[in-house]
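Please keep the picture in view while I talk.

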Amino acid sequence: GPEWLISDKSLWPKTPLIAASTELEARTKEVICTLHLIAPAGIIQKFSSLTKVLRVMAYCLRFVNNARGSRKHVSTSVVLSPEELDDAMMLCVKSVQSECFAADIHDLSLPNGTLKRSSKLVTLHPFLDPTGILRVGGRLHNSQISYNSKHPMLLPARHHFTTLVYWHEHARMLHAPPQQLVSEVRQKFWPLRARQMATKIMNRC
């Protein structure tokens, strides 16, 4: 050790004391969160109710939007808004269409935007709306009915989501007969083989 340690304390070197700061240093840390949203197809297959599918999907979308957005736009309400449920519906429809009408969507996305003659949708004159939803075309664009009724969203005949839509409308219409059920479903959707599906629902009721 140093020689001054064996000397008298009065002879020890004087070292000025530095008062410790009581202020904590402010540090910012950037946290990167990677979100993986469950594919809508996986959620659709897990439930037997259209209402449950839409609610689960809407809460998933809310979580993603809250995580990505600023605090001003964070939604903490327990109740889902109509807009959130509509967004969930659009996401489900788009997922189902991408799964079942992939070739048609690809053809319509090309510059010429025409379907092959072999397509089972060609007689429906389908088109992609601004959000990428595949809709039925036709001559009703000048009518006064709603956009969904003029250009309903296409759905495949054999898909769990289509079945959920039929059961939902069947219950809402208090077990309506097949013709009325088809009419109600077509207010928003255009399922292929609609009458066959409606009859099957009635037989299972």
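Let me begin with His175, which lies in the loop between helix 6 and helix 7, where helices (H or I, at least four residues) and strands (E, at least two) are DSSP runs numbered from the N terminus. This is a predicted model, in which local features need pLDDT of at least 70 and side-chain atom pairs count only at pLDDT 80 or more, while totals for chains, interfaces and linings use all residues. Residues are numbered from 1 along each chain as its sequence is written, and side-chain values use heavy atoms, with hydrogens and water left out.

Most residues other than glycine have a negative phi. His175, however, has a phi near 60 degrees, a positive value in a residue other than glycine, and Leu174, in the loop between helix 6 and helix 7, has a phi near 55 degrees, again positive and again not a glycine. For accessibility, buried means under 20% relative accessible area, exposed over 50%, and partly exposed in between, with a 1.4 Å probe and protein chains only. His175 counts as partly exposed because its relative accessibility is 48%, whereas Leu174, at 70%, counts as exposed.

Stepping back to the whole chain, there are eight helices and four strands, and along the sequence they follow the pattern α-α-α-α-β-β-α-β-α-α-β-α. Buried residues make up 33% of the 205 residues. Taking contact to mean heavy atoms within 4.5 Å, 53% of the contacts between residues at least 6 apart in sequence join residues at least 24 apart.

Now to the helix packing. Two packed helices are described by the angle between their axes and the distance between the axes; here the axes are lines fitted to C-alpha atoms, for helices over the stretch in contact, and angles run from 0 to 180 degrees between N-to-C directions. Angles under 35 degrees count as roughly parallel, over 145 as roughly antiparallel, 65 to 115 as roughly perpendicular, and the rest as oblique.

How do helix 2 and helix 3 pack? Their axes are 8 Å apart, at an angle of about 105 degrees, and the two helices are therefore roughly perpendicular to each other. Residues of helix 2 including Leu54, Met57 and Leu61 meet residues of helix 3, among them Leu85, Met89 and Leu91. The residues of this contact divide into 11 nonpolar, no polar and four charged, where Ala, Val, Leu, Ile, Met, Phe, Trp, Tyr, Cys and Pro count as nonpolar, Asp, Glu, Lys and Arg as charged, and the others, Gly among them, as polar.

Helix 2, residues 50-68, also packs with helix 6, their axes coming within 8 Å and crossing at roughly 120 degrees, which means that helix 2 is oblique to helix 6. On the helix 2 side we have Leu50, Thr51 and Val53, which meet Phe161, Leu164, Val165 and His168 in helix 6. The residues of this contact are five nonpolar, two polar and no charged.

Also in helix 6, which spans residues 160-172, is Thr162, a buried residue with a relative accessible area of 1%. Leaving aside neighbours within four places in sequence, Thr162 is in contact with Leu155, Pro156, Ala157 and Pro191.

Finally, the charged pairs. The structure holds five salt bridges, a salt bridge being a side-chain nitrogen of Lys or Arg within 4 Å of a carboxyl oxygen of Asp or Glu. One of them joins Arg172 and Glu184, with their closest N and O atoms 3.1 Å apart; since Arg172 lies in helix 6 and Glu184 in helix 7 (residues 178-185), the pair ties together parts that are 12 residues apart in sequence.

Lys116 and Asp107 form another salt bridge, at 3.2 Å from N to O, and Asp107 counts as buried at 8% relative accessibility.
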